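Hi everyone, thanks for making time today. I'd like to walk you through one structure, and here it is on the screen.

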Amino acid sequence: MSVSPVRRDAVLGALRRGTVPGSGLDLLAVGLERLAPGLEESLATCRSGGASFTAIRGEYGAGKTFVSRWLGERAKAANMAVAEVQISETETPLHRLETVYRRLCERLTTATAPPSAFRPVLDAWLFTLEEDALAAGDLDDEALGAAVDELMGSRLAALATSTPAFATGLRGYRAAVASDDAGVADGLAAWLAGEPHVAAAARRAGGVKGEVDHFMALSFLQGLLIVLRDAGHPGLVLILDEVETLQRVRSDARAKALNALRQLIDEVDAGRFPGLYLVITGTPAFFDGRQGVQTLQPLADRLHTDFGTDARFDNPRAPQVRLLGFDLDGLTELGVRVRDLYADGSAAPDRIRSLVDDAYVRDLASAVAGRLGGRVGVAPRLFLRKLVADVLDRVDQFADFDPRQHYALTVNRSELTAAEAEASAVSVDDIEL
């Protein structure tokens with residue numbers, strides 16, 4: 001596979017910093033053969049006008065964020081839109097769907113537009129309406145405006161019944177763009193994206209009132225899906241990451257959040273959101289424990305999946321799919337891929353492949369896992385960081401550097417995540433509560 005220097009540098013730079021790369025994840029996709037067919041089926045369902053839901057479960061460090069972003073890359077390759085929203089008690093509480101909708105719009109991305117792609121999507125939608133109107137015949141500016149208004153009304157007819165405010169806001173936005181009123185256009189775009197505190201003058205000019213609230217949020221999501229489809233994006237992957245944080249919130253807020261999640265899943269099943277692929281990620285404790293899904297029986301029933309059989313026979317179409325984490329062979333394979341990616345862009349590829357051969361990669365993987373209590377499943381982030389920053393960079397830059405002679409693995413508590421620090425603890429007393 002040919003990889004551009006920019007793409008290679010972006011992937012290696014993220015690994016060097018110990019973060020999940022924002023793109024190029026297909027280069028690192030190891031062990032996803034079990035899940036890929038089911039996830040691809042769900043993407044195809046959404047592109048054809050259906051809707052789908054998947055819960056990805058895995059322990060800390062098992063790769064939930066990696067898999068969800070890999071899925072997002074697959075979606076964007078098919079011209080779908082993607083939004084990754086991290087659930088947080090303070091920043092994005094799940095029980096406040098208006099906040100979730102606003103974060104969705106802030107994080108919206110497409111294959112050609114980085115976050116936030118909300119405004120480019122609106123403009124692409126208006127352009128498509130104008131092109132469709134012009135296709136019906138030659139029109140002057142006044143007739144074109146009327147034709148676009150008629151098209152807009154017909155395509156938003158169903159939405160206008162339940163949430164006329166979204167359709168009104170779109171009409172106001174189009175009028176502001178047509179008259180080159182940047183202030184009003186900016187304000188109405190922000191209002192449509194769920195932003196609070198939009199200037200009253202902009203709302204008044206667009207004929208809209210108030211702010212997007214909890215009850216309007218789902219209807220605005222419906223509207224966004226219509227706009228995305230007409231703008232050439234046949235679906236949206238919405239990833240709600242780290243939903244296990246709900247276990248740490250007050251019981252009343254947790255109950256509201258779990259009910260909001262149940263409502264979202266039911267709306268997906270009912271076909272209210274054509275083109276939406278809702279993905280959540282969480283730990284097994286969230287799905288099975290007494291501080292998570294099990295406290296709301298209707299939600300537990302919807303997410304129930306039998307994991308009692310051999311993992312080889314897990315159903316990738318089930319409501320929940322589980323990540324098993326890496327074993328030593330898988331971690332070694334991942335390290336070899338990264339080594340080869342690095343070598344392909346290096347001025348000394350032969351030296352890199354010789355000094356950092358497969359056997360050395362396996363030894364380093366084993367050593368890092370050993371520092372984490374033998375828990376290979378939580379080792380990938382730290383292992384790849386050590387491999388790139390401490391080994392490959394030095395072999396690349398110093399002709400006389402031999403990692404077997406000149407490098408000794410060191411792991412400082414300050415560079416570990418909470419899950420890694422817990423795994424590395426030599427006794428219960430070392431675990432910070």
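Let's start with the cysteines: searching the whole structure turns up 0 disulfides, where a disulfide is a pair of cysteine sulfur atoms within 2.5 Å. As a quick reminder, a disulfide is a covalent bond between the sulfur atoms of two cysteines. Cysteine 46 is in no disulfide, and its nearest cysteine sulfur belongs to cysteine 105, 18 Å away. Seen from the other end, the sulfur of cysteine 105 has cysteine 46 as the closest cysteine sulfur, and 18 Å is too far for a bond. Cysteine 46 is buried, with a relative accessible area of 0%, and cysteine 105 is buried too, at 2%. For those labels, buried means under 20% relative accessible area, exposed means over 50%, and partly exposed lies in between, with a 1.4 Å probe and protein chains only.

A word on where this comes from: we are looking at a predicted model, in which local features need pLDDT of at least 70 and side-chain atom pairs count only at pLDDT 80 or more, while totals for chains, interfaces and linings use all residues. Residues are numbered from 1 along each chain as its sequence is written, and side-chain values use heavy atoms, leaving out hydrogens and water.

On to charges. How many salt bridges does the structure hold? There are 29, counting a side-chain nitrogen of Lys or Arg within 4 Å of a carboxyl oxygen of Asp or Glu.

Let me pick out a few. Arginine 16 and aspartate 393 meet through their side chains in a salt bridge, at 2.7 Å from N to O. That pair links distant parts of the chain, 377 residues apart: arginine 16 sits in helix H1 (residues 5-17) and aspartate 393 in helix H18 (residues 380-397). Helices here are DSSP runs of H or I, at least four residues, and strands are runs of E, at least two, numbered from the N terminus. Arginine 16 counts as partly exposed because its relative accessibility is 31%, whereas aspartate 393 counts as buried at 11%.

Helix H18 comes back in another pair. Arginine 381 forms a salt bridge with glutamate 420, with the closest N and O atoms 2.8 Å apart. This one also links distant parts of the chain, from arginine 381 in helix H18 to glutamate 420 in helix H20 (residues 418-424), 39 residues apart. Arginine 381 is partly exposed at 23%, and glutamate 420 is buried at 2%. There is also a network: salt bridges with shared partners join Arg339, Asp340, Asp344, Arg353 and Asp358.

Arginine 174, in helix H8 (residues 164-178), is buried at 13%. Beyond its neighbours within four places in sequence, arginine 174 is in contact (heavy atoms within 4.5 Å) with residues including Leu126, Leu144 and Asp149. Threonine 99, in helix H4 (residues 97-107), is buried at 5%. Not counting residues up to four places away in sequence, threonine 99 touches Glu91, Thr92 and Pro93.
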